Amino acid sequence: RRLPVSTFTVHMKSLTHCIAVVTGASRGAGRGCATELGAAGATVYVTGRSRREQAAPGYEQIASLSNLDRVPGSIDETAEEVTRMGGRGIAVACDHTDEAQVRALFDRVMREQGRLDLLVNNAWGGHESFDGVFQAPFWERPMVHWDAMFDRGVRNHLLSSRLAAPMLVRQGRGLIVTTTFWDRDRYMQGNLFYDLAKAAMTRLAFGMAQDLRPHGVGSVAVSPGWMRTEFVLAGHQTDEAHWRERPALARTESPRYLGRAVVALASDPRVLERSGQVLRVGDLAQVYGFTDIDGRVVPPFELETP
């Protein structure tokens, strides 16, 4: 499916009046989204469990497999980066599996800002069950993956959305972005739990769009490609400055490429026309005319077919 080309151009500081919440923004995709929203001038509530002084629990296994002494990133560092980029970053510690904490987050946003314009659902528990096995039939996969990817993944997105939605509906505008992975309904061979969780997130964005559309609020799923997150770089024993020395990373993109896609969508006055869709970052780059941080227009990531 080809997206219709937009005549809209993204301008720097296009979101100076935007109030955004980015969940799971200590590192990776969430940090990339928060950083680019900051570059566009937005006020961003940066949420997650990792603080500068104490990393979130549950990442010990993936950190060990990635040869990391400590889990990288925190909401404090991301919020500072948002502010350094020109926006206003506000770090809020929040366990997105805890309804009381999530409710307190959105109550705070309303109390301090009086509105919400953008929610980026990105809090994801899948890393907590990562065991280094990339391909295995589903009957050899432990059920711990379900708990991580659904109870601390899909549920996180639904919980934040249902608490944010009344704010958006009351004002008759706004956007919910759900980060996912999608390659034209191809199956992620050897990883049924991940494939199923991401399909659920994509369907969640679609279903929410149907309920929100009559109120002028949009909901989209956005699918990045293979991102050079902190864990990916560490797993390949490199960093952002030297990743080109690793041929295996040639197809990767920075997390800020996804962030620029989110900025483009949030800035587009006609974004409701895309509500309910699942959108690949590489396609959006061509539609809106943005690039990755190295100037490349990275094409949409596609799974290798057997």
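Predicted model: local features only at pLDDT ≥ 70, side-chain atom pairs only at ≥ 80, totals over all residues.
Biologist: Why is Met 143 called exposed?

Modeller: Met 143 has a relative accessibility of 53%. Exposed means over 50%, so Met 143 counts as exposed. Met 143 is placed in the loop between strand E4 (118-121) and helix H5 (144-171).

Biologist: What makes the nonpolar surface patch to which Met 143 belongs?

Modeller: The patch is made by Met 143, Trp 146 and Leu 196, and its area is about 290 Å².

Biologist: Is Met 149 buried or exposed, and how do you know?

Modeller: The relative accessibility of Met 149 is 6%. Buried means under 20%, and Met 149 therefore counts as buried. Met 149 is placed in helix H5. Leaving out residues up to four places away in sequence, Met 149 touches Trp 124, Gly 126, Ser 129, Val 154, Phe 193, Tyr 194, Ala 197 and Met 201.

Biologist: Which residues touch the most other members of the largest nonpolar core?

Modeller: They are Leu 37, Leu 118, Leu 265 and Phe 290, in a core of 39 residues. Helix H8 (residues 255-267) gives the most to this core, with seven residues. There is also a second, separate core of 23 residues, which includes Ile 19, Val 21, Ala 165 and Val 217.

Biologist: Why is Leu 265 called buried?

Modeller: Buried means under 20%. Leu 265 has 0% relative accessibility, and therefore counts as buried. Leu 265 lies in helix H8. Among the residues that Leu 265 touches beyond four places in sequence are Leu 175, Val 220, Val 222 and Tyr 288. Leu 265 and Leu 175 are 90 residues apart in sequence, and their C-alpha atoms are 8.7 Å apart in space.

Biologist: Which residues does Leu 37 contact beyond its neighbours within four places in sequence?

Modeller: Leu 37 is in contact with residues including Leu 15, Val 44, Leu 118, Val 120 and Val 262.

Biologist: Which residues of helix H3 (residues 75-84) are buried, and what do they pack against?

Modeller: The buried residues are Ile 75, Asp 76, Thr 78, Ala 79, Glu 81 and Val 82. They pack against helix H1 (28-39), strand E2 (43-48) and strand E3 (88-93). Just after H3, Gly 86 takes a positive phi of about 120°.

Biologist: What makes Glu 128 and Arg 49 a salt bridge?

Modeller: A salt bridge requires a side-chain nitrogen of Lys or Arg within 4 Å of a carboxyl oxygen of Asp or Glu. The N to O distance between Glu 128 and Arg 49 is 3.0 Å, and their side chains meet in a salt bridge. Glu 128 lies in the loop between E4 and H5 and Arg 49 in the loop between E2 and helix H2 (60-65), so the pair ties together parts 79 residues apart in sequence. Arg 49 has a relative accessible area of 28% and is therefore partly exposed.

Biologist: How do you know that Glu 80 and Arg 52 also meet in a salt bridge?

Modeller: The cut-off is within 4 Å, and the N to O distance for Glu 80 and Arg 52 is 2.3 Å. Glu 80 lies in H3 and Arg 52 in the loop between E2 and H2, so this pair ties together parts 28 residues apart in sequence. Glu 80 is partly exposed at 37% relative accessible area, and Arg 52 is partly exposed at 41%.

Biologist: Why are Arg 270 and Glu 273 called exposed?

Modeller: Exposed means over 50%. Arg 270 has a relative accessible area of 52% and is therefore exposed, while Glu 273, at 53% relative accessibility, counts as exposed. The side chains of Arg 270 and Glu 273 meet in a salt bridge of 2.8 Å, N to O.

Biologist: How many salt bridges does the rule give, and which residues are linked in a network?

Modeller: The count comes to 23 salt bridges. Asp 183, Arg 184, Arg 186, Arg 280, Asp 283 and Glu 302 are linked in a network of salt bridges.

Methods
Residues numbered from 1 in each chain as written. Heavy atoms only, no water. Core = buried A, V, L, I, M, F, W, Y, C linked by side-chain atoms within 4.5 Å. Buried < 20%, exposed > 50% of the residue type's maximum accessible area, 1.4 Å probe, protein only. Helix = DSSP H or I, 4+ residues; strand = E, 2+ residues; numbered from the N terminus. Contact = heavy atoms within 4.5 Å. Patch = residues over 30% accessible without salt bridge, like charges linked within 9 Å, V, L, I, M, F, W, Y side chains within 5 Å. Areas by Shrake-Rupley, 256 points an atom, 1.4 Å probe, with all protein chains shown as cover.
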